[in-house]
Amino acid sequence: MTTALLDVRRIFVEPAAAVLPRGKDVLARWPEAELVEVASHLQVPYGAADVQRWVRTKSEDLVLGVKKSLTARPNGRSSDWIAPSTANGCAMACAYCYVPRRKGYGNPITVFANIEQITGYLSRHVGRQGVKSEPNQCDPSAWVYDIGENSDCSVDARVSDNVQDLVEMFRGLPTAKASFATKHVNRDLLSWDPQGRTRIRFSLMPREDARLLDLRTSSIDERISAIDAFVEAGYEVHLNFSPVVVSEGWQDRWSALLTELDDRLGPATKSQLACEVIFLTHNDRLHEVNLGWHPKAEDVLWRPDLQQPKRSQTGGVNVRYRTGWKGTWVRQLEGLIGQRLPSCRVRYAF
Ligand code: SF4
């Protein structure tokens, strides 16, 4: 199966994944692909030279593995819990993407074949939480599970049925909701009948920024055009304004985007709308990798004049906008949302 995003020619495969039903399904989608056996999905041998083929790797390679550690981590921002991943990596190529931070010089989709273990773990986890007694910004009454922290579920759904299995499982869990952010419009999802138990967060930024930074994603126009259809199909739809990148004229660009959303979104969407706002953080290692394949993006992402460093737990240096300035900018954008898109509640902004 070949799409504009995926033209898989090589699959790195763990033997234990290849024998599972979901693993067989994935392999059957690309019967012509070369199979390369790997002991672990974490040991795919990309080296520094592979940065030169960063985008080709995303299109032509796939990794098929078994997810070994199954844990749901508390979050409290985009969701109450981060669910164990059913995939990581991505066929799209956003320049600011943090997903490659642990994957080094290549970041294709890794898909996990042990979906039954993952859904079994998750449904037991949901059961243990009981009923949510205190509303919070994630949701007034449902425990929200982010199922796409390390990938884009709308693209993952072109690789396997893992995401559909999760959406169908959450349909039967009245105390919980699945949630994921996306930059890809996959209309196959419109037929899944989620019955309000999956929240899609369409990720948006001004067109001018997206043209430089959101490589291989659906266009901003396509994403905005899809929102009402997803609400009508039974999804809860929120907006993910992320990352907010500060450069000359950023407030005007955001103001135009918010005005356009107010003009184009229908009443059913607006009646349930909320957003999250996340200003850019970046990382010195990703900066080095990006210089190898998309240096122009680093002109706006790597701004030591505006940013301050903080040593990360994994040893690199993360940068974020300077304290004081950032607080002012967050308040400015919240003010713009209130003026231009007043139907949209801000779930959190930082
Ligand atoms: S869509 Fe998400 S996961 Fe994919 S490259 Fe962009 S930021 Fe990364």
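Tutor: First a term: helices (H or I, at least four residues) and strands (E, at least two) are DSSP runs, numbered from the N terminus. This is a predicted model, where local features need pLDDT of at least 70, side-chain atom pairs count only at pLDDT 80 or more, and totals for chains, interfaces and linings use all residues. Residues are numbered from 1 along each chain as its sequence is written.
Student: How many helices and strands does the chain have?
Tutor: The chain has 13 helices and 18 strands.
Student: And what share of the residues is buried?
Tutor: Buried residues are 43% of the 350 in the chain. Buried means 20 or more other C-beta atoms, placed from the backbone, lie within 10 Å of the residue's own.
Student: Now helix α8. Where does α8 bend?
Tutor: α8 covers residues 220-232 and bends by about 30° at Ala 226. The bend is the angle between axes fitted to the seven residues ending there and the seven starting there.
Student: Which residues of α8 are buried?
Tutor: Ile 220, Arg 223, Ile 224, Ala 226, Ile 227, Phe 230 and Val 231. So the bend residue, Ala 226, is one of the buried ones.
Student: What follows α8?
Tutor: Gly 234 comes after α8, with a positive phi near 105°.

Conventions: Buried ≥ 20, exposed ≤ 12 C-beta atoms within 10 Å, placed from the backbone.
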